[in-house]
Amino acid sequence: MQNISTSELAADVRLSFVRSLYTKRSTLFIGMLSHVTIAILVFINTEQNAFLAFAAGIFVIWALRVYDMKKFDNKDQAVFLLADTQRWERRYVFGAVTITLLLGCMTAYAFVFSGSAFAQLATVTVTFATLVAVVGRNFGSKINVDMMVLAVCIPVLFGFLFSDDVFVRFMALLILPVFLSTRSLANGVRDFLYDSVMAQRESSVLADKLDGAINNMSHGLIMVDANQDIRVINHKAKMMLGILQTVNIDDRSFAAVLRYALRNGSFGLDRSKDITQEISQLIEGQQSRMLLEIDENYFLEFSARHQSGGGVVIIFEDVTNKVRSDQKILHMARFDGLTNIPNREWFLQLVGQRLNSTSPDSKVGMAVFDIIDFKHVNDTKGHLVGDFLLCAVADRLKTYAAEHDLIISRFGGDEFVAFFTAEDSFDIDAAMDEVFASICNVYTIEGDDFHINFTAGLIISSRSDVQIENMHICADIALRDARKRGNNHWSLFANSMDEKYSERQKLKLDLRDALKRNALTIAYQPMFTPDGLKIVGAEALSRWQHPDLGPISPGIYIPLAEEVGIIRELTRNMIINATRDCVGWPSDMFVSVNLSAHDLVDREIINVISNALFVSGLEPSRLHLEVTESAVVDEPEHAAMLLREMRQMGMSIAIDDFGTGYSSLSYLDKLPLNKVKIDRSFVKDIAEDDRKLKLLRGIVHMSRELGLDIVTEGIETLDQLQLVRENDCADIIQGFIFGMPMPCSALLILTQKLNRPKISYGDDQAQA
């Protein structure tokens, strides 16, 4: 036990001790009455007026103390400072010490002056009985105890010492032990009560903190005993259960409280029975954690911890936002972010689930749909409109899929995939016609109408033979076949398509290998002056001699090179070999090389040409470059910039196949051209169709007005040649009438023959 001095007491504890001094005033009245009575009896016995004076003094002091105590009661003790507490303590001490001092003096007077044994016995008895009150009533003030005991003991001590009786004087020696024991006893009571008060206060503080912590928890908390009666429930739990905070449900059955919550509509009534059953399983220990869907917009997660005494601590929280976030994340992981239909991964899982519930002898199918010319929408209207279009297509597919139990997905770009089961009565033609009727239509996007067409590839397979990835590959192969058939067509996969596909894939690999080995060759078609007497140059044409299949047409392998992404390597190979060959030709001859759209996407083609000219030593003016309308239609400004840089380097630029495109005339002004190559379609029928000849003359006249040279290609007959000459429709002639594509060595031999002196036109024609 701590030995606590008065000054060390905390202000609130000291106030409580001082307050205890001013309570139970009936004991003061009884004490006053006994003191006055004894004094009067002694007066009667001794007939000494001093005892009446002591009686009167005791009564007056008691009355003043009672008055002072009432004043204490009227004070607002809640605002007391330590100084206020000390002041009222001193006032009480003054009254108490005055009383005990009077008692001590009365006892001393009886022993010294009365000579009455009764007076001595009566006064000493009532005086030392007062010391008991010091312990029982005045322990709260250490200074009060000390001064009251001294106020009694000092007068009595002197009374004993001045007594005529030797034995009484000897008793004076016992006053000190009485003083010390009384003081120690009072201090012990005070210290004990102080420890108790402090312990109670700490417990109260801890209880308040615990109560505050529990009621400020973000989780609901309910503690039930072994009988499932609620012992503790916090504010959050009441709030989530829809119970008013003012409702006291301590010691109520948890089941009754749950019924109360259900009855008041806190939980959905349609879920009441299930919720009650699930929470009962939690309390009974069948589960330790569970997520309850209270309704579609409210989720609570419960957990239970069972205690050794049979009680259960239930903690629950509102996890609606977390569940919504998890659902959103799951949706984002499973669905295409643009069209909100299953993505590839979720599509494959859905298909797997469908296959697991499909009998082995059933038929299943997969279709791949592709939007025709979707790139044109992006290029002309922007990617935002393109995205809106994809969403509109997906919405129509979703509607159709919901009606016919299809699983659909977007695999990327403008490719949509559908998976379905095919019953024995499945009419594939009718089904595909219905799909196309649903999606091939007019789409209104941002106020613009788009007439959208599709192609599709389809495969039907036995359930037992299904491999999803293979089905997708086969559907893609069928889609390629459908593209060849035009808009709004679909193709059903056949094994022959797979063979063609495999052959095509092998041809791609072989082409890539041929480029690596520099196995592609060049054939040169000579270009003549209109009189046919001189070769001014030659067009370099790529040729591929396959080791197993023989010669492969450029019309086959050049599109393959574009698909594989090696068309730029093919152009690079052509430029390097053509410039190297041209160096060995007569210095007044040029070589012409074709550029594709892929070559005009960046400045890499400038580096390729510069390096080829540097390595070969060929003059830039002897390298002519040909571009088609399709090569510049996607990004005409960027292509024009690159061609302008090439022309500044000294090269000649020609537009090839002029007149076959709807906007060719505009390119004559936009592009930095030197020559126009008139397509063979304008020459083919000029001998039979006078309108064709007029059209040819008009194009030639317009081109020459712009300062462009004319290359007329496709001349194969003497009649065509004569009309071209007579109408001055060519500066350079290219055609089979003078020469077919030939190796570089053959071109050199032909050039040497034409350079011999005095060669007639008839001989030239024979040589050609």
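Modeller: A residue counts as buried under 20% relative accessible area, as exposed over 50%, and as partly exposed in between, with a 1.4 Å probe and protein chains only. This is a predicted model, in which local features need pLDDT of at least 70, side-chain atom pairs count only at pLDDT 80 or more, and totals for chains, interfaces and linings use all residues. Residues are numbered from 1 along each chain as its sequence is written, and side-chain values use heavy atoms, leaving out hydrogens and water.

Colleague: Why does R324 count as partly exposed?

Modeller: R324 counts as partly exposed because its relative accessibility is 29%. R324 belongs to helix 12, residues 320-334 (helices, H or I of at least four residues, and strands, E of at least two, are DSSP runs numbered from the N terminus). Between the C-alpha atoms of R324 and Y298, which are 26 residues apart along the chain, the separation is 9.8 Å.

Colleague: How many residues of strand 16 are buried?

Modeller: In strand 16, residues 590-595, five of the six residues are buried, so the strand is largely enclosed by the rest of the structure.

Colleague: Which strands pair with strand 16?

Modeller: Strands pair if DSSP finds at least two bridges between them. Strand 14, residues 535-546, runs parallel to strand 16 and is joined to it by three bridges, with A538 having V591 of strand 16 as its bridge partner. Strand 17, residues 623-627, also pairs with strand 16 in the parallel sense, over five bridges, and here H624 of strand 17 stands opposite S592. From strand 16 the chain passes through helix 21, residues 604-616, to reach strand 17 in a right-handed β-α-β crossover (clockwise from the first strand over the helix to the second, with the strands pointing away from the viewer).
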